[in-house]
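Hi everyone, thanks for coming. Let me put the structure up, and then we'll walk through a few of its features.

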Amino acid sequence: MLVLLAGIFVVHIATVVMLFVSTIANVWMAGSSGTNSTGLWLKCIAGKCSQITFAEEDMPSLKAVQAFMILAIIFSFVSLVMFVVQLFTMEKGKRFYITGAMMLICWLFILIAVSIYTARFPHYFTAPQDHHGYSFILAWICFCFSFIIGILYLVLRKK
């Protein structure tokens with residue numbers, strides 16, 4: 001049981017780190033040349049970064065993606081802290097309900113953010129070689145991990 005909790009803790013830390021990297025890195029869309037990329041905050045062309053210039057009707061969607069990714073980081077980190085607190089203060093035999101619920105809220109925020117990005121921004125892939133970058137893929141990986149971790153926290157009992 002201790003090994004399982006330690007493994008979940010390590011995956012939880014990895015998820016927080018990947019969420020942070022996914023949110024701050026500017027590679028949600030990657031260009032064909034390898035030097036062009038667009039993130040949630042900046043657009044980089046040949047090493048020079050500037051503010052994102054999406055169409056005016058897409059800017060509220062981008063702001064929503066930014067907000068939900070930041071909320072996902074906050075909830076994931078708070079969930080990690082709550083796990084440590086519950087680990088040392090909770091009675092034996094109890095479940096990690098608060099930690100699991102917060103992680104599932106994080107999962108929901110990631111789902112909303114990447115779904116909005118997937119639905120609203122595909123028309124910016126103009127060249128055939130344009131593709132989603134590693135930040136976008138990391139966000140989907142964090143989506144999977146946060147769901148699995150959240151469910152495991154709800155199921156596991158402190159022994």
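Quick definition before we start: helices (H or I, at least four residues) and strands (E, at least two) are DSSP runs, numbered from the N terminus. What you see is a predicted model, where local features need pLDDT of at least 70, side-chain atom pairs count only at pLDDT 80 or more, and totals for chains, interfaces and linings use all residues. Residues are numbered from 1 along each chain as its sequence is written, and side-chain values use heavy atoms, with hydrogens and water left out.

Okay, the salt bridge, meaning a side-chain nitrogen of Lys or Arg within 4 Å of a carboxyl oxygen of Asp or Glu. How many does that rule give? The count is one. Asp 58 pairs with Arg 120, and their closest N and O atoms are 2.8 Å apart. That ties together distant parts of the chain, 62 residues apart: Asp 58 sits in the loop between β4 (48-51) and α2 (59-89), and Arg 120 is in helix α3 (residues 97-120).

Are these two buried or exposed? Buried means under 20% relative accessible area, exposed over 50%, partly exposed in between, using a 1.4 Å probe and protein chains only. Asp 58 is at 3%, so it counts as buried. Arg 120 is at 33%, so that one is partly exposed.

Now over to helix α4 (residues 134-155), which gives the nonpolar patch its largest share, eight residues. Ile 141 is in helix α4, and because its relative accessibility is 33%, Ile 141 counts as partly exposed.
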